Every structure is written in C-alpha cells, then in structure tokens.
Amino acid sequence: MRDVSPLNSARTLGDRSPDLFASTPLKLMPLEKTYVLKLYVAGNTPNSIRALKTLNNILEEEFKGVYALKVIDVLKNPQLAEEDKILATPTLAKILPPPVRKIIGDLSDREKVLIGLDLLYEELREDEAANE
C-alpha cells in the first residue's frame with residue numbers, strides 16, 4: 001500500500017507536475033506586496049486536492065510569483081491547526097499583508113477567493129484611480 005498523504009508527490013493526482021503540496025519559495029519583487037499564505041488540509045482528500053490546485057492556479061495567474069505558500073496537513077500536525085484556531089479544512093489563511101483573513105472550503109469560487117485575499121478589491125481600486 002502506498003502513502004497518499006498530501007505531502008507526498010503529485011503523482012497520486014495522475015500528473016507529472018512538480019510536487020503540488022510543496023511550499024513555494026518566497027520570491028521578492030521590488031515595490032510589490034509579498035503575500036504569505038497557509039493552506040490547511042486534512043490528508044489527501046478530494047477537497048484538499050481541489051483547493052490546492054485552484055490556489056496554485058490563482059497564485060500563478062494573479063500573484064505573479066510574489067507569495068510564499070505553506071501547506072499544512074492537520075492530520076500530521078494537529079498542534080499547528082490548534083494554535084492557528086483552524087476548525088475546518090481546507091482553510092486558506094492570508095497572514096501578510098494584514099489583516100489576517102481565512103477562507104474555508106475548496107476555493108472553487110475564484111472571485112470570492114480574490115475578494116477574501118483583498119486582491120480583487122485592490123485591482124478594482126487601481127482601475128478606478130487609473131480612469132480618473
């Protein structure tokens with residue numbers, strides 16, 4: 001029987017992409033915000049996999065590499081979930097920039113995720129300022 005924990009390779013998802021559950025290294029770009037995110041999952045469940053795939057797509061398209069992502073399996077590290085008051089999985093926590101925000105669910109509603117991370121609101125404000 002093979003290990004299918006979420007911290008295992010993405011090969012359990014049927015593709016040959018890099019490890020989906022590995023933390024993304026922090027990439028700093030000048031004069032841009034850096035987002036620090038934590039995704040709490042409970043094993044290799046369909047919702048956890050869906051949340052991570054969706055989040056990776058959002059991060060690559062919207063955050064342009066200016067983020068750090070840490071994936072935490074609460075089954076392996078329950079103390080981290082308890083310390084951060086995580087009651088359900090999957091949960092995405094935006095740590096930086098403030099304020100801290102938490103989004104619960106598989107992150108399938110892209111617009112709600114962007115609003116929850118304050119990204120969509122900031123883009124709308126920037127568009128309004130550019131049109132003035």
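**Salt bridge notes**

I started with a tally, and the count comes to four salt bridges. I'm keeping in mind that this is a predicted model. As background, side chains of opposite charge can pair when their charged atoms come close.

Entry one. I looked up Asp-84 and found a salt bridge with Lys-38, where the closest N and O atoms are 3.5 Å apart. Asp-84 sits in the loop between helix 2 (78-83) and strand 3 (91-96), while Lys-38 is in strand 1 (residues 35-41), so this pair ties together parts that are 46 residues apart in sequence. I then checked how open each one is. Asp-84 is partly exposed at 25% relative accessibility, and Lys-38 is partly exposed too, at 24%.

Entry two. Next I checked Glu-61, whose side chain meets that of Arg-110 in a salt bridge (2.7 Å, N to O). Glu-61 belongs to helix 1 (residues 46-62) and Arg-110 to helix 3 (residues 110-116), so the two tie together parts 49 residues apart in sequence. Glu-61 has a relative accessible area of 46%, which makes it partly exposed. Arg-110 is partly exposed as well, at 29%.

Which other residue does Arg-110 form a salt bridge with? I found Glu-62, with the closest N and O atoms 3.3 Å apart. This pair also links distant parts of the chain, as Arg-110 is in helix 3 and Glu-62 in helix 1, 48 residues apart. Glu-62 counts as partly exposed at 22% relative accessibility.

Last entry. I put these together: Glu-61, Glu-62 and Arg-110 are linked in a network of salt bridges.

Key
Residues numbered from 1 in each chain as written. Predicted model: local features only at pLDDT ≥ 70, side-chain atom pairs only at ≥ 80, totals over all residues. Heavy atoms only, no water. Helix = DSSP H or I, 4+ residues; strand = E, 2+ residues; numbered from the N terminus. Buried < 20%, exposed > 50% of the residue type's maximum accessible area, 1.4 Å probe, protein only.
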